Amino acid sequence: MMVDQPDTSLPAKPLLDTAWTILEAANDLRDTATVDACRRVIDETFRGGAPAQSDINIILEFFN
């Protein structure tokens, strides 16, 4: 399942941009755990909250 990109008129947020990029890659690789972590980070960021550090770690370690 693909998720639409947010409106590009919103202010740039590096973690949010990274989460979207990783979400696309994880979708291609069928990495459901990473897809779920990306979605949680994206949702929490749009709500104005702070994403869980464990989800941030999953995103930042994806290409390592």
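Q: Why is F63 called exposed in this predicted model?
A: The relative accessible area of F63 is 60%. Exposed means over 50%, so F63 is counted as exposed.

Q: Is F62 buried or exposed?
A: F62 has a relative accessibility of 15%. The cut-off for buried is under 20%, so F62 counts as buried.

Q: What makes the rings of F62 and F63 an aromatic pair, and why is the pair called edge-to-face?
A: The ring centres of F62 and F63 are 4.9 Å apart, and rings pair if their centres lie within 6.5 Å. Their planes stand at 80°; planes over 60 degrees apart count as edge-to-face, so that is the name the pair receives. A search of the whole structure finds 1 aromatic pair.

Q: How many salt bridges does a search of the whole structure find?
A: The search finds 2 salt bridges. D55 forms one of them with R40, and E44 forms one with R47.

Q: Why is the contact of D55 with R40 called a salt bridge?
A: The closest N and O atoms of D55 and R40 are 2.7 Å apart. The criterion is a side-chain nitrogen of Lys or Arg within 4 Å of a carboxyl oxygen of Asp or Glu, so the pair qualifies.

Q: How do you know that D55 and R40 link distant parts of the chain?
A: D55 lies in helix α3 (residues 53–60) and R40 in helix α2 (residues 32–47), 15 residues apart. As to accessibility, D55 has a relative accessible area of 7% and is buried, whereas R40, at 42%, counts as partly exposed.

Q: What makes E44 and R47 a salt bridge?
A: The N to O distance between the side chains of E44 and R47 is 3.8 Å. The limit is 4 Å, so this pair also meets the criterion. Both residues lie in α2, 3 residues apart, about one turn of the helix.

Q: Why is E44 called partly exposed and R47 exposed?
A: E44 has a relative accessibility of 26%, which falls between the 20% and 50% cut-offs, so the class is partly exposed. R47 has 65%; that is over 50%, so R47 is exposed.

Q: How do you know that the buried residues of α2 line one face of the helix?
A: The buried residues of α2 are T34, V35, A37, C38, V41, I42 and T45. Seen down the axis of α2, they fall within an arc of 165°, so they line one face. On the other side of α2, T32 and R47 are exposed. The cover over the buried residues of α2 includes α1 (14–29) and α3.

Q: What is the span of α2, and what span is expected?
A: α2 has 16 residues and reaches 22 Å from its first C-alpha to its last, close to the expected 22 Å at 1.5 Å a residue. G48, which follows α2, has a positive phi near 90°.

Q: Which residues of α1 are buried, and what covers them?
A: The buried residues of α1 are L16, A19, W20, I22, L23, A25, A26 and N27. Their cover includes α2 and α3. Just after α1, R30 takes a positive phi of about 60°.

Q: How many helices and strands are in the protein chain?
A: The protein chain has 3 helices and 0 strands, and from the N terminus on the elements run α-α-α. Of its 64 residues, 31% count as buried.

Terms used
Residues are numbered from 1 along each chain as its sequence is written. This is a predicted model: local features need pLDDT of at least 70, side-chain atom pairs count only at pLDDT 80 or more; totals for chains, interfaces and linings use all residues. Side-chain values use heavy atoms; hydrogens and water are left out. Helices (H or I, at least four residues) and strands (E, at least two) are DSSP runs, numbered from the N terminus. Buried means under 20% relative accessible area, exposed over 50%, partly exposed in between (1.4 Å probe, protein chains only). Rings of Phe, Tyr and Trp (its six-membered ring) pair if their centres lie within 6.5 Å; planes under 30 degrees apart count as stacked, over 60 as edge-to-face and the rest as tilted. The expected span of a helix is 1.5 Å times one less than its number of residues. The arc is that of the directions from the helix axis to the C-beta atoms. Contact means heavy atoms within 4.5 Å.
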